[in-house]
Amino acid sequence: MIDYKTLKHSDNGMPTWDGFLGPILKIAETEKNWKRQDLINDVLKEVNLPDDLAEMTYTSRWHDPVAPNRVNWALSDLKIAGLLNVPKRGIYQISDLGRSILKEHGLNITRELVHAQPAYIEHKKKLKEQNNDSDTNEISEEQTFELTEKQVSNWFDKQKSDLTEQLLSKLRSIDPYEFEHMMIKLLSEMGYKGTDGQSLVTQKSNDGGIDGIINKDPLGMETIYVQVKRYAEENVVGRPEIDGFSGALRRQRADHGVFITTSSFTSGARAAAKQLNIALVDGDMLTNLMVQYKAGVQIRQTYELYDIEDEFFED
């Protein structure tokens, strides 16, 4: 049995899609041939996720389960990179390369390692050449495949998952004072500054436990106090830090505050924050907000799906 906590995971505890790379190869090695769904099921059984993670679903209209989707994405990249062979449709088997990498790296197989394999590099090269081919506007029959709306949605979920993980890693590497400025800017973009309000980051040497202040109106009649912690994933925010922030709020005679971190909060910290009227933003929520409000990210391409408007054709 694999302890899911030892795998690369999001701040909510759910293994990331590339966290499943090692477990897939470990399970694939135990049998010669695997049906795709059997392999997915056995990997999930092996990592033994708690109920809240095993039952977690996306917020899209189909409410697909997160964990099986992430295993599916990892399967796809392992196949492209040649670590898994597909001798016939729907059947998977570990390749000699896959066995070699599993033996050397164990469960610590990263997306960078998989993407560095010659087969994966060649695959990306071919895709790029196809996209840059300006000699024809037609797609060959071999390149043609049908994508359901659900499959397209799942693909975009993967891209968003990749983006938020990269974004969180970048946030953890920047200067702490710069991070404070970014968080105040994000809250302003979210509308907390109001139409004519003001926002500021407090001085490093004398912030009194307050990192940022947002006045929702010009006279400062409604003020939000902010504390931010640019923490590594394993540095979880506990109740003492929430209590400390609450003390800083009392000194300001403030009724509420916002505590933002790039890591996560203990259950004790969440319980205390609820009692003390402190809003908590962990790493997962933070990156999702940054994507939603286009803070630190930009739209590369937009696609639209169309339906027939039946009312247009009615008398």
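## Sheet, helices and aromatic cluster

In strand β8, Val 281 is the residue that stands opposite Ile 260. The model is predicted. Its chain contains 12 helices and eight strands, and five of the strands make up an open sheet of mixed pairing. Three phenylalanines, Phe 245, Phe 259 and Phe 265, form one aromatic cluster.

**Whole chain**

- Of the 315 residues in the chain, 41% are buried.
- The accessible surface is about 19,700 Å², and carbon and sulfur atoms contribute 47% of that surface.
- Among contacts with a separation of 6 or more, 61% are between residues 24 or more positions apart.

**The open sheet**

- The strand order is β4-β5-β6-β7-β8.
- Strands β4 (198-201) and β8 (278-281) are the edges, and each pairs on one side only.
- Ignoring direction, neighbouring strands of this sheet are turned by 20 degrees against each other on average.
- Strands in a sheet pair through backbone hydrogen bonds, in either a parallel or an antiparallel arrangement.
- Strand β7, residues 257-261, runs parallel to β8 and is joined to β8 by four bridges.

**Helices lying across the sheet**

- Helix α10, formed by residues 239-251, lies across β6 (223-229), β7 and β8. Its direction makes an angle of about 145 degrees with β7.
- Helix α12, formed by residues 283-292, lies across β7 and β8. The angle between α12 and β8 is about 80 degrees.

**Aromatic pairs**

- The chain has two aromatic pairs.
- One of them joins Phe 245 and Phe 259 in an edge-to-face arrangement, with 5.8 Å centre to centre and 80 degrees between the planes.
- This pair links distant parts of the chain, since Phe 245 belongs to helix α10 and Phe 259 to strand β7, 14 residues apart.
- Phe 245 and Phe 259 are both buried.
- Phe 259 also pairs with Phe 265: the ring centres are 5.8 Å apart and the planes stand at 80 degrees, which is over 60, so this pair is edge-to-face as well.
- Phe 265 is buried, as is Phe 259.

**How the parts connect**

- Helix α10 lies across β7, and the pair of Phe 245 in α10 with Phe 259 in β7 links these two elements.
- Strand β7 is therefore tied to β8 by bridges, given that two strands pair if at least two bridges are found between them and four join β7 to β8.

Note on methods. Residues are numbered from 1 along each chain as its sequence is written. This is a predicted model: local features need pLDDT of at least 70, side-chain atom pairs count only at pLDDT 80 or more; totals for chains, interfaces and linings use all residues. Side-chain values use heavy atoms; hydrogens and water are left out. Axes are lines fitted to C-alpha atoms, for helices over the stretch in contact, and angles run from 0 to 180 degrees between N-to-C directions. Contact means heavy atoms within 4.5 Å. Buried means under 20% relative accessible area, exposed over 50%, partly exposed in between (1.4 Å probe, protein chains only). Accessible areas come from the Shrake-Rupley method with a 1.4 Å probe; for residues, only the protein chains shown count as cover. Rings of Phe, Tyr and Trp (its six-membered ring) pair if their centres lie within 6.5 Å; planes under 30 degrees apart count as stacked, over 60 as edge-to-face and the rest as tilted.
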